[in-house]
There are 2 protein chains.
Amino acid sequence: MRVGIIGVGCSKFGRRDDVTIQELSYEAVKEALDDAGLSRNDVDISVVGSVNTRGYELMPAVPVNEYCGFAGKGPIRVEAACATGAAAVYTAYTSIASKMADVAIAIGVEKMTEVDTATSLAIGGRGGNYLWEFHQYGTTFPAYYAMHASAHMAKYGTTEEQLAKVAVKAHRNAAKNPKAHFRKEISVEDVLNSRYITYPLKLYDCSPISDGSSAAILASEEKIRELGIDDVVWIESVGYASDTSNMTRRESFVGLKATVLAREMAYRRAGIEGPIKEFDIATVHDCFTIAEIMAYEDLGFCRKGEGGRLIESGETDLGGKIPVNTFGGLKAKGHPLAATGVAMVYEIVKQLRGEARELQVDLKNYRGLLHNVGGTGHFAYVMVLRR
Amino acid sequence: MRVGIIGVGCSKFGRRDDVTIQELSYEAVKEALDDAGLSRNDVDISVVGSVNTRGYELMPAVPVNEYCGFAGKGPIRVEAACATGAAAVYTAYTSIASKMADVAIAIGVEKMTEVDTATSLAIGGRGGNYLWEFHQYGTTFPAYYAMHASAHMAKYGTTEEQLAKVAVKAHRNAAKNPKAHFRKEISVEDVLNSRYITYPLKLYDCSPISDGSSAAILASEEKIRELGIDDVVWIESVGYASDTSNMTRRESFVGLKATVLAREMAYRRAGIEGPIKEFDIATVHDCFTIAEIMAYEDLGFCRKGEGGRLIESGETDLGGKIPVNTFGGLKAKGHPLAATGVAMVYEIVKQLRGEARELQVDLKNYRGLLHNVGGTGHFAYVMVLRR
């Protein structure tokens with residue numbers, strides 16, 4: 001049973017005091033429905049992804065579904081930390097591939113700016129229940145990724161300049177994306193001169209706290225034929241994995257084992273061997289600059305330890321061998337947790353359809369890669385999309 | 001692709017100050033693994049259902065999976081209010097039926113007694129975002145179901161005595177279930193003399209606030225054959241639906257439209273016409289006594305308005321035509337939100353296998369029915385299981 005993506009939508013990311021969580025969701029839902037040429041009545045099941053960091057909407061699927069007009073449809077909420085978006089797409093995908101639905105919508109939505117940054121970081125650190133790591137040392141998310149960065153620098157000689165280049169690329173792309181949180185280009189010097197949050201990560205190495213939503217409408221091949229849609233981006237394969245949250249139990253800090261396992265599963269199912277040759281576009285989980293460097297390696301774009309040199313080479317820029325995070329990534333487009341994974345689908349679909357305007361990649365293989373991580377790698381999803 | 005249930009587990013329900021949420025989960029997980037004769041390494045994906053009312057574990061799947069030994073496996077958390085358990089079973093089911101996993105475990109877990117009852121009820125009322133209904137009138141869950149009860153009494157002449165009989169049956173069964181929260185038989189007089197919570201619902205018309213966990217291990221038919229298991233309870237069909245949360249938008253208060261829609265989908269997929277004849281056992285969502293009466297009607301056990309007479313007839317008792325909630329129901333077994341739906345699977349599997357001891361039903365059709373509702377009917381799942 002093949003499953004295709006027939007409609008995508010994405011709200012403006014950023015500080016969105018102007019809308020409720022319901023209204024924010026509807027921005028993406030309406031765009032996705034219009035894009036698919038469907039009405040809300042055509043949808044069988046609505047999967048709402050929301051981490052719900054502010055804890056205000058205990059059951060966010062209820063108001064979101066009611067406001068968006070999906071009362072009466074099958075509803076479910078999913079959560080997988082920062083990989084919640086991909087988890088929502090996964091659940092929409094399995095709902096169709098199992099023949100429980102013909103058309104499913106995956107919605108990712110998050111309102112995060114209503115609490116202050118320190119509280120958000122504390123919630124993030126607490127969220128994973130890192131047990132004594134958080135309580136004993138007060139370790140928040142930048143601190144966890146700082147451990148990865150330090151380990152990577154110590155073992156492979158990765159530099160702060162290389163990390164900075166990930167941020168520079170992200171901002172350069174986001175500047176051309178009207179939906180991005182930050183639309184300002186920055187320089188390597190800007191990054192290096194920004195204040196340390198946790199050594200070696202500085203302010204501009206960190207993704208922001210954003211509000212935003214995104215939506216993707218999936219349908220079975222049979223339904224797609226019935227609807228007369230002939231230009232479709234298919235979900236070719238999905239991989240998932242996890243790892244411990246306790247960092248003390250990790251085998252290594254220079255990469256994410258969950259990414260490697262999820263990649264192996266997704267590539268095996270799609271019959272992929274040499275990833276750089278296979279993909280026209282990749283979206284990877286760059287919550288911190290070091291995360292993008294590790295993703296290059298864990299996804300097989302280069303050998304372990306060579307991620308720093310890959311960003312320097314420019315091959316992950318627009319026009320390079322494998323453009324990564326062309327819409328600005330979590331770093332500059334913004335990172336409204338659950339919206340992120342669904343927005344990755346939005347980006348790949350827009351690119352594979354040739355609708356990315358100034359940010360358009362060259363299309364040769366019509367294949368794209370999605371990589372969405374939760375926490376410090378205790379959730380990972382990898383998906384291969386193909387037009 | 002047929003999907004079977006090969007292992008089930010359930011913790012003691014009640015006030016469980018003695019365990020963390022991880023330890024509580026593991027009680028059910030260990031029993032389910034032992035029951036299936038599998039090790040944790042045989043599981044491909046773990047679906048953790050948790051509403052997480054206390055808001056302490058922002059991302060409960062992380063500590064639960066790590067403690068239960070599922071780090072490295074595919075992880076996802078789902079939530080569908082009080083139907084979270086069925087939603088977890090649904091996601092485990094679709095993961096297998098879509099060929100994304102061979103073996104999946106659905107875990108439902110909730111620790112609710114750490115906050116006081118008033119707070120829990122307020123969270124419950126707020127949880128669904130009933131907008132002005134909750135904020136303007138302070139409507140909590142008993143008040144919502146009291147509206148259903150009043151409407152049913154006004155339209156069909158249903159009596160407080162009939163409601164009381166639902167509670168009496170629940171307590172009679174729970175008294176013989178060592179895992180139940182309440183193991184004390186009560187009389188109709190006890191119920192009628194208990195204090196009003198919201199007219200016409202009295203204390204003994206309401207399910208309690210409980211801690212508990214439950215787990216079910218599902219596998220593909222192919223895997224089940226490979227494992228050499230030949231006595232299996234199969235998931236024959238699944239139905240899902242929802243309705244508005246705003247009560248003002250409901251067509252009627254005398255039943256739950258979401259139940260009717262989910263039932264129609266599940267029965268159609270299983271080819272079922274006369275439900276009483278088809279099922280040896282049914283578990284229905286009796287969060288309040290009126291909810292069981294409405295479920296009888298909405299599931300087709302009797303005509304609309306005759307639910308009060310059905311409980312009086314004794315036909316839903318052990319030994320009756322269709323025994324309902326043989327392990328004590330939400331009312332007396334307890335209602336740890338996410339654990340409830342998975343515990344319904346536990347009950348039906350135990351019954352269909354003939355392992356229910358003093359509470360064993362007669363087996364003729366080897367078919368059981370599961371009905372799990374979220375909120376006041378804005379989530380509903382109906383499943384047909386068959387040995």
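Mentor: Two residues are in contact if their C-beta atoms, placed from the backbone, lie within 7 Å. By that rule, A:Tyr145, A:His148, A:Ala149 and A:His152 in α6(A) meet A:Ile290, A:Ala291, A:Ile293 and A:Met294 in α12(A). Keep in mind that this is a predicted model.

Trainee: What classes do the residues of that contact of α6(A) with α12(A) fall into?

Mentor: Six are nonpolar, two are polar and none is charged.

Trainee: And at what angle do α6 and α12 of chain A pack?

Mentor: About 55 degrees, with the axes 9 Å apart. Here α6 covers residues 141-156 and α12 covers residues 289-298. Angles of 65 to 115 degrees would count as roughly perpendicular, and those under 35 as roughly parallel. The pair α6(A) and α12(A) is therefore oblique.

Trainee: Left-handed or right-handed crossing for α6(A) and α12(A)?

Mentor: Left-handed.

Trainee: Switch to chain B. How do the axes of α7 and α12 cross there?

Mentor: At roughly 95 degrees, and the axes come within 8 Å. In chain B, α7 is residues 160-174 and α12 is residues 289-298.

Trainee: Which residues meet in α7(B) and α12(B)?

Mentor: From α7(B), B:Gln162, B:Leu163, B:Val166 and B:Ala167. From α12(B), B:Thr289, B:Ile290, B:Glu292 and B:Ile293. By class, this contact has five nonpolar, two polar and one charged residues.

Trainee: OK, on to the two chains. What rotation superposes chain B on chain A?

Mentor: A rotation of 180 degrees, with 0.0 Å of shift along its axis. The RMSD is 0.0 Å. The two copies are thus related as by a two-fold rotation axis.

Trainee: How many residues does the contact between the chains take?

Mentor: It takes 44 from chain B and 44 from chain A.

Trainee: Which elements of chain B each supply at least two residues to that side?

Mentor: The elements are α2 (61-68), β3 (74-79), α3 (84-97), α4 (117-127) and β8 (233-241). Of the side of chain B that touches chain A, β3(B) gives the most, with six residues. By class, that side has 20 nonpolar, 17 polar and seven charged residues.

Trainee: Why do the copies meet through the same surface?

Mentor: Because 100% of the interface residues of chain B are also interface residues in chain A.

Trainee: Back to β3. How many bridges join β3 of chain A to β3(B)?

Mentor: Three, and the strands run antiparallel. The bridge partner of A:Val78 in β3(B) is B:Val78.

Trainee: Where are the cis bonds, then?

Mentor: One joins A:Tyr199 and A:Pro200, with omega about 0 degrees. A:Pro200 sits in the loop between β5 (196-198) and β6 (201-202) of chain A. In chain B, the bond from B:Tyr199 to B:Pro200 is cis, with omega near 5 degrees. B:Pro200 lies in the loop between β5 (196-198) and β6 (201-202) of chain B.

Trainee: And what about the phi of A:Tyr366, positive or negative?

Mentor: Positive, about 55 degrees, although A:Tyr366 is not a glycine. Look for A:Tyr366 in the loop between α15 (337-352) and β10 (367-374) of chain A.

Notes. Residues are numbered from 1 along each chain as its sequence is written. Chains are lettered from A and ligands numbered from 1 in the order in which they are written. This is a predicted model: local features need pLDDT of at least 70, side-chain atom pairs count only at pLDDT 80 or more; totals for chains, interfaces and linings use all residues. Copies are superposed by least squares on the C-alpha atoms of residues with pLDDT of at least 70 in both. Helices (H or I, at least four residues) and strands (E, at least two) are DSSP runs, numbered from the N terminus. Ala, Val, Leu, Ile, Met, Phe, Trp, Tyr, Cys and Pro count as nonpolar, Asp, Glu, Lys and Arg as charged, and the others, Gly among them, as polar. Two strands pair if DSSP finds at least two bridges between them. Axes are lines fitted to C-alpha atoms, for helices over the stretch in contact, and angles run from 0 to 180 degrees between N-to-C directions. Angles under 35 degrees count as roughly parallel, over 145 as roughly antiparallel, 65 to 115 as roughly perpendicular and the rest as oblique. A crossing is left-handed if the near helix is turned anticlockwise from the far one by less than a right angle, and right-handed if clockwise.
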